[in-house]
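Visitor: I would like to go through this model term by term. Please set each value against its cut-off.

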Amino acid sequence: MSSTETPAPPAAAVSVLRAEHVTKMFGGLVAVNDVSFDVPQHSIVSLIGPNGAGKTTLFNMLTGLYRPTQGRILLGERDITRARPDLITGYGVARTFQNIRLFGAMTAVENVMIGHHTQMRAGLFGSIFRPPWVRREERQTRERARELLAYVGLREPAFDRLASQLPYGDQRRVEIARALASQPVLLLLDEPTAGMNPQESQALTEFMRAMRDDLKLTILLIEHDMKVVMGVSERVTVLDYGKKIAEGEPAEVRADPGVIEAYLGKQA
Amino acid sequence: MSELRAQLREWRAAVEKRLPWSSRGLAVTLIVIGIVLPFLFSSSSAFMNATIIAVAYAVMSLGLNVVVGFAGLLDLGYVAFYALGAYSLGWLGSGFFFKAKVHVLVSPVASTLPGVHLNFILILIGAALICAAAGVVIGLPTLRLRGDYIAVVTLAFGEIIAEVAVNGQSIPVGGGMTLTAGNLGISAVDSPYFPGIGSFNLLNLRPWYWLIFAILLFVLFVNLRLRDSRLGRAWIALREDEVAAVSMGIPLVKTKLLAYAIGAAFGGMAGAFFGTYYTVVNAGQFQFGFSIFILAMVIIGGLGSIWGAVVGGLALGYINNYLIPNVLNNLPSKLGFHFQLTSVEFGIFGFLLVIMMVLRPQGLIPERRRRLELTARIAAEDAQLVETQGPAGGPT
């Protein structure tokens, strides 16, 4: 497989993530079909497509929850195609979920502390005997979690409430904070604006840019809200029936006849 | 009505604010009571005997609570680790391996006998290590499964170990020695001996009590430390949502294995104690029903709750070994029935479980998280009631 087959990255941009001919089959169903794309460093890239196009399946492969049937996934120079999900998180990929998956019986702060798990060192004996460095690590993790919660805009009284009892918008915030706690280089957001009103979506759009700049992140997002997609992304990749049907800058993609057809159906 | 409720809430908040201090005071008080308790009873009374067994049950209950309560892995074969712990004692503290001659810090009598005779503390550590290793071996294939499948496979492993124990007298380990003594049992096991204190004997149960109480405190300490640690958080996260936990960087198999091995080690320690306390390691002790019995302790106490596991273990221990056989056993015959209460004890436990599930499904001392979840749900329902009934509040 030569590298010339993959689309050339934009000039002078190093790609953080590169998927090469990734295919995922469930039995006879081809959920993702020979998709190649890359995510330039420090960019915001959107993945769009109708329902069932394979976007979340692709996310699950990128984070190691699914193993690709074919193809290769590279994080920087590292091949993460068959790596375990917890290792991939350690390498710097964090994600949120389409339908929020917080740990309901844990407080907001504890949820974010879980996100910091890969950055901590306390093992079995450290946890039992609790030497000074473990105490320090624990305290710093807790402080950092509170900082992150404040950063994503949660208000103080909500910090120590159980995640399952937070209002929907706050749960979305906690999930982003939890992902940020693993100190990722690449953040995957799966429909972050689902269930938000236009004002909230607008605020989140701005927040994504702020995150990218503050934390030197690269963001890959799945999004249905075209206003958000067009407003925030530098590049857009379009999937339909598991195949990549278009890729490019938002304006180009919006004008692409194939994309219009996928979304609106074939014109008579 | 609503004013009263607000007042109650205020008091509760005030009490909870002082809790760190009062809980420390409570802990010290309980430890002191635990230490002086044997002086209140005759040193070889039935109550003392029941207390010792109940405390050992609490140790097992704490061990299983790590597996089932913290990590959410339903283990129906916990008796396997009771068996392995007891056999560790049989192997390392008796004349069973008669060709060997190993003596480490044992009583003058035991040091003249053939067999492996180690000090009880060493056996305790050995039992914990053997069971933890067995937990890893059993867990590696098992813990890749999820939910109910784990329950079924652990049940099977529990039965396998019990069968191996029964048939172990046909498994040679060399030199004419066998793995277990089957239903004959490994008897004449060493009593615990400590230099300067001497050997324990069954005429004076107090030292036995202090020994198991010390083990309980150790296990309790480890439990409390683990609960509020990186590892404890990871277990809760796995219990809550496996996919999310793994995506947040928690290694699935390793973290589950740790829970399983730690639970196994505690079960093994209690098993070793039972081995020496009952003076015999008999394959017939390790029945499937015992796994369920320990699980019932955890559930009655409050799944995931450390203090609940202790209370559940003590409660069922006392009911099983004192209340039913010593206090209420002849109650049916006094009422004109021709049976003894001991013959229906499993029925009684079943009945207790049903009553608990109806009246207090969260357990006697629910885990903090579950309590929070429950009170918040009630508060939400209250709020809804107020909304539907208008701001003036409900009828008084």
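Guide: Let us begin with chain B. Buried residues make up 45% of its 396 residues. The model is a predicted one.

Visitor: How many helices and strands does chain B have?

Guide: Chain B has 15 helices and 9 strands.

Visitor: Why is chain B called as compact as a globular protein of that length?

Guide: The radius of gyration of chain B is 23 Å. The globule rule gives 21 Å for 396 residues. The two values are close, so chain B is as compact as a globular protein of that length. Its C-alpha trace spans about 85 × 55 × 45 Å along the principal axes. Take contacts in chain B between residues at least 6 apart in sequence: 75% of them join residues at least 24 apart.

Visitor: Let us turn to helix packing. What is the angle between α3(B) and α10(B)?

Guide: Helix α3 (residues 46-70) and helix α10 (residues 252-277) of chain B pack at about 165°, with their axes 8 Å apart. That makes α3(B) roughly antiparallel to α10(B), because angles over 145 degrees count as roughly antiparallel.

Visitor: What is the hand of the crossing of α3(B) and α10(B)?

Guide: α3(B) and α10(B) cross in a left-handed sense. The residues of this contact divide into 18 nonpolar, 3 polar and no charged.

Visitor: Which residues of α3(B) and α10(B) meet?

Guide: On the α3(B) side they include B:Ile52, B:Val59, B:Leu62 and B:Phe70. On the α10(B) side they include B:Tyr260, B:Phe266, B:Met269 and B:Phe273.

Visitor: Why are α5(B) and α10(B) called oblique to each other?

Guide: The axes of helix α5 (residues 120-142) of chain B and α10(B) cross at roughly 140° and come within 7 Å. Roughly antiparallel needs an angle over 145 degrees, and roughly perpendicular runs from 65 to 115. The pair α5(B) and α10(B) is therefore oblique. α5(B) passes α10(B) in a right-handed crossing. By class, their contact has 18 nonpolar, 6 polar and 1 charged residues.

Visitor: How do you know whether B:Leu105 is buried, exposed or partly exposed?

Guide: B:Leu105 has 15 C-beta neighbours inside 10 Å. Buried needs 20 or more, and exposed means 12 or fewer. B:Leu105 therefore counts as partly exposed. B:Leu105 lies in the loop between β2 (101-104) and β3 (115-118) of chain B. Its phi is positive, about 50°, although B:Leu105 is not a glycine.

Visitor: Now chain A. How do you know that A:Glu191 is buried?

Guide: A:Glu191 has 20 other C-beta atoms within 10 Å. The cut-off is 20 or more, so A:Glu191 is buried. A:Glu191 sits in the loop between β7 (186-190) and α7 (198-215) of chain A. Its phi is near 50°, a positive value in a residue other than glycine.

Visitor: Why is α1(A) described as largely enclosed by the rest of the structure?

Guide: Helix α1 (residues 55-62) of chain A has 8 residues, and 7 of them are buried, so it is largely enclosed. Among the buried ones are A:Leu58, A:Phe59 and A:Met61. A:Gly64, with a positive phi near 90°, follows α1(A).

Visitor: What makes helix α3 of chain A mostly covered?

Guide: In α3(A) (residues 108-115), 8 of its 8 residues are buried. They include A:Val109, A:Glu110 and A:Ile114. The cover includes α5 (132-151) and α6 (168-180) of chain A together with α8 (230-240) of chain B.

Visitor: How many residues does each chain give to the contact between the chains?

Guide: The contact takes 30 residues from chain A and 26 residues from chain B. The elements giving two or more residues on the side of chain A are α2 (85-91), α3 and α4 (124-129). That side divides into 13 nonpolar, 11 polar and 6 charged residues.

Visitor: Why is chain A called as compact as a globular protein of that length?

Guide: Chain A comes to 10 helices and 10 strands. Its radius of gyration is 19 Å, close to the 18 Å of the globule rule for 268 residues, so the description holds. Buried residues make up 46% of chain A.

Methods
Residues are numbered from 1 along each chain as its sequence is written. Chains are lettered from A and ligands numbered from 1 in the order in which they are written. This is a predicted model: local features need pLDDT of at least 70, side-chain atom pairs count only at pLDDT 80 or more; totals for chains, interfaces and linings use all residues. Helices (H or I, at least four residues) and strands (E, at least two) are DSSP runs, numbered from the N terminus. Two residues are in contact if their C-beta atoms, placed from the backbone, lie within 7 Å. The radius of gyration is taken over C-alpha atoms; the globule rule is 2.2 Å times the number of residues to the power 0.38. Axes are lines fitted to C-alpha atoms, for helices over the stretch in contact, and angles run from 0 to 180 degrees between N-to-C directions. Angles under 35 degrees count as roughly parallel, over 145 as roughly antiparallel, 65 to 115 as roughly perpendicular and the rest as oblique. A crossing is left-handed if the near helix is turned anticlockwise from the far one by less than a right angle, and right-handed if clockwise. Ala, Val, Leu, Ile, Met, Phe, Trp, Tyr, Cys and Pro count as nonpolar, Asp, Glu, Lys and Arg as charged, and the others, Gly among them, as polar.
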